[in-house]
Amino acid sequence: MLPISVYKSLGLEQVFHKVMAGERLDLEDGLRLFQCPDLGAVGALAHEVRRRRHGRSTYYVVNQHINYSNICVNGCLFCAFRRRKGEPGAFELTVSDVQEKIRERLQDPITEIHIVGGCHPDLRLETFEAMLRAVRELRPGVHIKAFTAVEVAHFARVEGVPVREVLVRLKAAGLDMFPGGGAEIFSPRVRALLCPQKLSGEGWLRVMREAHELGIQSNATMLFGHAETLEERLEHLDALRRLQDETGGFVCFIPLPFQAKNTDLKGIRGPTGVDELKTIAVSRLMLDNIPHIKAYWVMLGVKQAQVALHFGADDLDGTVVEEKIGHMAGADSEEFLRREQLEELIRQAGFDPVERNCFFETPAASAGAK
């Protein structure tokens, strides 16, 4: 930790004392951190919080990503993944196709299967229930993390039923957890510009609140580095923090840097490396009630993800395999990483690799709980 004199000189003395005392930062504190010209000073504060919570442990998961379709009724300008039905590059997996992808990796020691897709205009909820049951049959011991809040709200709209009914049915079919996608930036101004057809920020929060009330935990995300202001980033973080105060259902927060290539959002290059690290650090400092911060190597790149472990992040995600959403947007990271590669990346950064499942339970903790 840097001496307090450094933070005094930067106008961050009050923030320093709050962090040392474990007190909650307000939005003005967050803005001071974002505006601070000394990246190392901000990172040191975040690393102190990370060290208190997790020591030298850095988590990863052996997982499998499956995108069932990129056909989507929403026309988000920042998305290079989505296609209209019949458009070149559009794809749609059947339940049998998903089963085949699971069978291809039955020999891998996977603990998490991550399933998301676009808001397909025709697929009905029964298809997704069948998909979950099929995965559960082939992989009975694996946790299924599937469908964003945006997809859930879309399922409810297609079926003409309340969101809660969709949540109950998905849980009964085998769903364990929700990923955090679709949050983007909650700001109505930004959503009107970039994704006016998409579920609103308030709608995203309502779906997650209901999920948490039903005992379904989730992650949370923020897409940054496009049209949002620093104040809107902080308001996004504060909204997540307030919901977490209510429900305690968020497990991990994932700051996602905007990938500018191959999108319809012109004239925006995405965040700089400094902005990426500062956003991860500020997220760790603001989200005092969310246990984990992820450095998602797919969108950051493995080198930047290693550095992010010194800026508040404590998780690298996992082996992934066949990631499409980030790479279709121009991410130049590897398509997948082996367990040995992940562990070596973590050790090279000066931390201890710890394998976990989607709830951040480690094998020893899971065994002890049985």
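Colleague: Is G301 buried or exposed?

Modeller: G301 counts as buried because its relative accessibility is 13%; buried means under 20% relative accessible area, exposed over 50%, and partly exposed in between, with a 1.4 Å probe and protein chains only. This is a predicted model, in which local features need pLDDT of at least 70, side-chain atom pairs count only at pLDDT 80 or more, and totals for chains, interfaces and linings use all residues. Residues are numbered from 1 along each chain as its sequence is written, and side-chain values use heavy atoms, with hydrogens and water left out.

Colleague: Where does G301 lie?

Modeller: G301 lies in the loop between α13 (297-300) and α14 (302-308). Helices are DSSP runs of H or I with at least four residues, numbered from the N terminus.

Colleague: And how far apart are G301 and E151?

Modeller: They are 150 residues apart in sequence, and their C-alpha atoms are 27 Å apart in space.

Colleague: Turning to the helices, how do α4 and α12 cross?

Modeller: Their axes come within 9 Å and cross at roughly 45 degrees. Axes are lines fitted to C-alpha atoms, for helices over the stretch in contact, and angles run from 0 to 180 degrees between N-to-C directions. The two helices, α4 and α12, are therefore oblique to each other; angles under 35 degrees count as roughly parallel, over 145 as roughly antiparallel, 65 to 115 as roughly perpendicular and the rest as oblique.

Colleague: Which residues make that contact of α4 with α12?

Modeller: From α4, they include L39, V42 and R53, and from α12, they include V274, L277 and R284. Contact means heavy atoms within 4.5 Å. By class, the contact of α4 with α12 has ten nonpolar, one polar and three charged residues. Ala, Val, Leu, Ile, Met, Phe, Trp, Tyr, Cys and Pro count as nonpolar, Asp, Glu, Lys and Arg as charged, and the others, Gly among them, as polar.

Colleague: What about α3 and α12?

Modeller: The axes of α3 (residues 27-35) and α12 (residues 273-286) come within 10 Å and cross at roughly 155 degrees. That makes α3 roughly antiparallel to α12. Among the residues in contact are L27 and F34 of α3, with V282 and M286 of α12.

Colleague: Lastly, which residues touch the most other members of the largest nonpolar core?

Modeller: They are I115, F147, L170, F178 and W204, in a core of 118 residues. Such a core is a set of buried Ala, Val, Leu, Ile, Met, Phe, Trp, Tyr and Cys residues joined through side-chain atoms within 4.5 Å. Helix α4 (residues 39-54) gives the largest share of this core, seven residues.
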